[in-house]
Amino acid sequence: MSVASPLGRRVLADLLARPSTRARAVALDATLVLTGALTVAVLAQVEVPLWPVPITGQTLGVIVVGAALGARRGALSLLSYLGLGLVGLPVFAGLSGGLASVAKPSFGFIIGFVFAAFVAGWFAERSWDRRPVLAFAEFAAASVVPFLVGVPYMAFILNSVLGLGYGLGDVLAVGVLPFIVGGIVKAALAAAIVPAAWALVRAADRRR
């Protein structure tokens, strides 16, 4: 079954090809999903080491992949990324992976990436990604989503597993504040990249 964007809600990935059969459509979707997962895996290695959660390029990859693939394919792509890491492939930050990752304070953010990609794709299906201002709002909103899962998960690991006794202020200091500026920058980068891609598509259509 194809997981392409709903009819009338085209995203960038829908412009690549129009498969003539269901089998080809499924194969194309699978290729797009895997490519998105590998893109996030590469950007995960762009890392500023911090404890307990490093600053990485993952969020940029997540929101661009979500916008380019759409809500369903984007979420499936990040779910695939999560699965690849859990089975041991070195796709997480620092070329890490394996079931032991579940016990890391940063793992909740990876879970949150699945929902962030869906949000970015949902907005993209409604054409928010075609103009820089709307795209920035879309990507900023999607960038917040991993924190909704990641911060409580991090607090649980730090306090209940590691027994560190972090209060709310401590959790915010290590799990939110260091990422605000970087999140704004990554949302701005995505808001430049994706609308630019749409502009290239429109320019190519005019030349036909």
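This is a predicted model: local features need pLDDT of at least 70, side-chain atom pairs count only at pLDDT 80 or more; totals for chains, interfaces and linings use all residues.
Leaving aside its neighbours within four places in sequence, which residues is valine 53 in contact with? That's where I'd like to start today.

Okay, valine 53. You'll find valine 53 in the loop between strand 1, residues 47-48, and strand 2, residues 55-56. Once you set aside the neighbours within four places in sequence, its contacts are Pro105, Ser106, Phe109, Met154 and Phe179. Valine 53 is buried, with a relative accessible area of 6%.

The peptide bond joining tryptophan 51 and proline 52 is cis, with omega at about 10 degrees. As background, most peptide bonds are trans.

Together with Phe156, Val161, Leu162 and Leu164, Trp51 makes a nonpolar surface patch of about 510 Å². Of those, phenylalanine 156 belongs to helix 5, and phenylalanine 156 is partly exposed, at a relative accessible area of 47%.

Now to the charged pairs. How many salt bridges does a search of the whole structure find? Three. In general, side chains of opposite charge can pair when their charged atoms come close.

Let's take arginine 73. Aspartate 14 and arginine 73 form a salt bridge, and their closest N and O atoms are 2.7 Å apart. That pair links distant parts of the chain: aspartate 14 is in the segment before helix 1, arginine 73 is in helix 3, and they're 59 residues apart. Arginine 73 also meets the side chain of aspartate 29 in a salt bridge, at 3.1 Å from N to O. Aspartate 29 lies in helix 1 and arginine 73 in helix 3, so this pair ties together parts that are 44 residues apart in sequence.

For arginine 73 the figure is 2%.

The remaining pair is glutamate 125 with arginine 126, whose side chains meet in a salt bridge at 3.8 Å, N to O. Glutamate 125 counts as buried, at 7% relative accessibility, whereas arginine 126 is partly exposed, at 28%. Going back to the other two bridges, shared partners join Asp14, Asp29 and Arg73 into one network.

Helix 3 covers residues 71-86, so to speak its 16 residues, and reaches 23 Å from first C-alpha to last, close to the 22 Å expected. Its buried residues include Ala71, Arg73, Gly74, Leu78 and Tyr81. What do the buried residues of helix 3 pack against? Helix 1 (22-44), helix 2 (58-69) and helix 4. After helix 3 comes glycine 88, with a positive phi near 115 degrees.

Leucine 95 counts as exposed, at 58% relative accessibility. For context, most residues other than glycine have a negative phi.

On to helix 6, residues 168-175. Val171, Val174 and Gly175 are buried there. Seen down the helix axis, the buried residues of helix 6 fall within an arc of 85 degrees, so they line one face of the helix. Helix 4 (107-124) and helix 5 (132-161) are included in what covers them.

Last stop, helix 7, residues 180-207, which is where alanine 187 sits. Alanine 187 is buried, with a relative accessible area of 0%. Leaving aside neighbours within four places in sequence, alanine 187 is in contact with Ile63, Phe136, Phe139, Ala140 and Ser143. From alanine 187 to proline 54, C-alpha to C-alpha, is 18 Å in space, and the two are 133 residues apart in sequence.

That's my tour, thanks.

Definitions and conventions: Residues are numbered from 1 along each chain as its sequence is written. Side-chain values use heavy atoms; hydrogens and water are left out. Buried means under 20% relative accessible area, exposed over 50%, partly exposed in between (1.4 Å probe, protein chains only). Helices (H or I, at least four residues) and strands (E, at least two) are DSSP runs, numbered from the N terminus. The arc is that of the directions from the helix axis to the C-beta atoms. Contact means heavy atoms within 4.5 Å. Patches are made of residues with over 30% relative accessible area and no salt bridge: like charges are joined within 9 Å, nonpolar side chains (Val, Leu, Ile, Met, Phe, Trp, Tyr) within 5 Å. Accessible areas come from the Shrake-Rupley method with a 1.4 Å probe; for residues, only the protein chains shown count as cover. A salt bridge is a side-chain nitrogen of Lys or Arg within 4 Å of a carboxyl oxygen of Asp or Glu. The expected span of a helix is 1.5 Å times one less than its number of residues.
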